[in-house]
Amino acid sequence: MSMGVDAVSKQLRAMGIHNLGDINYNLTAPELYEQALMYEEGILSEHGALCVNSVPYTGRRANDKFVVEEDGSKGDVWWGKVNKPFSTEKFNALKTRVFAYLQGRDVYVQDLIAGSDDKYSLPVRFIQEEAYHSLFVQNMFIKPTEKQLENFVPGFTVVTAPGFKSIPEIDGTLSEVFIILSFEQKLILIGGTSYAGENKKVIFTALNYLMPKLGVMSMHCSSNIGKDGDTALFFGLSGTGKTTLSTDPERALIGDDEHGWSDDGVFNYEGGCYAKVINLNAEAEPIIFNLTRTFGTILENVDIDEETRVIDLDSQLHTENTRASYTRENIPNIAPGNKGGHPKTIVFLTADAFGVMPPISKLTPEQAMYHFLSGYTAKVAGTEAGVKEPSATFSTCFGAPFMVHHPSVYANLLRDKINTHGSQVWLVNTGWSGGPYGVGHRMKIKYTRAMLRAALTGQLNNVEFVKDAFFNLSIPTLCPDVPAEVLNPRNTWKDTADYDKQASHLVQLFEDNFKQFADSVDEKVRKAMTK
């Protein structure tokens, strides 16, 4: 039997949270729907999804995230732009103010598990001001068994109070928004923003701190498993296809975003998915499209007609970063136990808007480490005087905003596991071909799926590979169901001189970015792009 509200209330008082209104403990999805609708946090779509709006904050606030500088952890933290220090004194003062704000208010408490491998799972308690946030974390994490709930002791507690806005002059924050992690107190404070994704990513950040200390590779990647038990990993930044490409009708999904790789294999940190749904297409992405029309799904910042309750997935009325949160239980093909074996195949995804990276290439272990530390993708810059140009983004380990240790810690773990288990690494470009953004065209998803299918099933094992002249990458000359001319990007440009110019420019960007890691890797890795 799980603990009751009285026991939870006693635990909250012990941590300094007193005089609350109603404590809504572990409510079910229908109950949370009722609460969210009653308090006008959202409205129902015509198909039963809960549509909510987090304006003005429709994405993560990376600049407002801090780590408390504490004796027990400060030596492990990669301090800088990503992990900005926050004093213990300021954190305790802000905690007191947040807890005072919650007095007299109803809260929603969910006790959940992060990590599907019992050896490494982290019990997490979420204390939240809004019902839809409680449904969100219930979707995103793993529900404990009744036995696990009997004596639930949180390994971390997250307090989310969107209505509390910090005062920088008093609280030491940079704005009214704050996301602050204390590894010593095992407490995370979130305030000033309703964007649900903050609740998910702070736990990923905590696991990125904890898991490497246990010898587990912590990864910002999706994962699936084939009918023969072959596990695959897909690393990539937002917009590269990490969720789309791992949600494959022919392969069982382990998870779409966050995983650990232990000595026993791969395990999902989460129990659900948080998919980007802008311009979602029923033909190209049928599984995710159908889940936007499912009871229990949260559609965040998706445009909806309040009279007809019809959603518009193509609209950017509130943001381009429209999202769907759904439990993996609603996905038709999921891997048993939320786990898989050691990965046979690892895929690094990039969406190259310069149009010069090969659509698929095979990496050596040294190249894998180089591209993992680089974490490259390219995005289309904002419009200025009518001009749109690609801009490079380098996010180390394909997830710099969530990495707590120095990147070399994760890179060395990945290298060791690749070498131990013989994983083959591929670099896949889901971006542009035939020219940069505005000239060329986005790689057809059916071609990308065909290339991945060939890599995963071994169809590329016996084909001829050629080296490209700029990135030192091995490109297959043939791939089933893909036109041969598509495989080498230089062949798709009308003006090869323009291709050479753009490719040289991108190589220089890679080299400039990698200088920060030069002292952390050996010479073979440093020269991975050199023939």
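**Cores, a sheet and a helix in the predicted model**

Of the 96 residues that make up the largest nonpolar core, the ones touching the most other members are Ile203, Phe235, Ile346, Phe348, Phe372 and Phe471. Take Phe372: leaving aside residues up to four places away in sequence, its contacts are Met217, Phe235, Phe348, Thr396, Cys397, Phe398, Tyr410, Ala411 and Leu414. Nonpolar side chains do tend to be buried together in soluble globular proteins.

Next comes helix 1, which spans residues 5-14 and has Val8, Ser9 and Leu12 buried. These three sit on the same side of helix 1, because the arc they cover around the axis is only 100°. Asp6, Lys10 and Ala14, over on the other side of helix 1, are exposed. And what do the buried residues of helix 1 pack against? Their partners are strand 1 (23-25), strand 6 (107-114) and strand 7 (122-128). Just past the end of helix 1, Gly16 adopts a positive phi of about 105°.

Turning to the strands, there is an open sheet of five, in the order 2-3-17-20-16, and its pairing is mixed. Strand 2 (42-44) and strand 16 (272-276) are the edge strands, each pairing on one side only. From one strand to the next, the twist averages 20°. Within this sheet, strand 17 (residues 298-300) pairs with strand 20 (residues 323-327) in the antiparallel sense, over three bridges. One of the residues involved is Glu300, whose bridge partner in strand 20 is Arg323. Helix 2 (residues 29-38) packs on the sheet, where it touches strand 2 and strand 3 (50-52). The direction of helix 2 makes about 120° with that of strand 2.

Elsewhere in the chain, strand 14 (residues 258-262) and strand 15 (residues 265-268) run antiparallel and are joined by four bridges. A hairpin takes the chain from strand 14 to strand 15 through two residues, and Ser262 stands opposite Gly265 in strand 15. Strand 15 has a further antiparallel pairing, over two bridges, with strand 21 (residues 339-340). There, Val266 has Gly340 of strand 21 as its bridge partner.

Note on methods
Residues are numbered from 1 along each chain as its sequence is written. This is a predicted model: local features need pLDDT of at least 70, side-chain atom pairs count only at pLDDT 80 or more; totals for chains, interfaces and linings use all residues. Side-chain values use heavy atoms; hydrogens and water are left out. Buried means under 20% relative accessible area, exposed over 50%, partly exposed in between (1.4 Å probe, protein chains only). The arc is that of the directions from the helix axis to the C-beta atoms. Contact means heavy atoms within 4.5 Å. Two strands pair if DSSP finds at least two bridges between them. A nonpolar core is a set of buried Ala, Val, Leu, Ile, Met, Phe, Trp, Tyr and Cys residues joined through side-chain atoms within 4.5 Å. Axes are lines fitted to C-alpha atoms, for helices over the stretch in contact, and angles run from 0 to 180 degrees between N-to-C directions.
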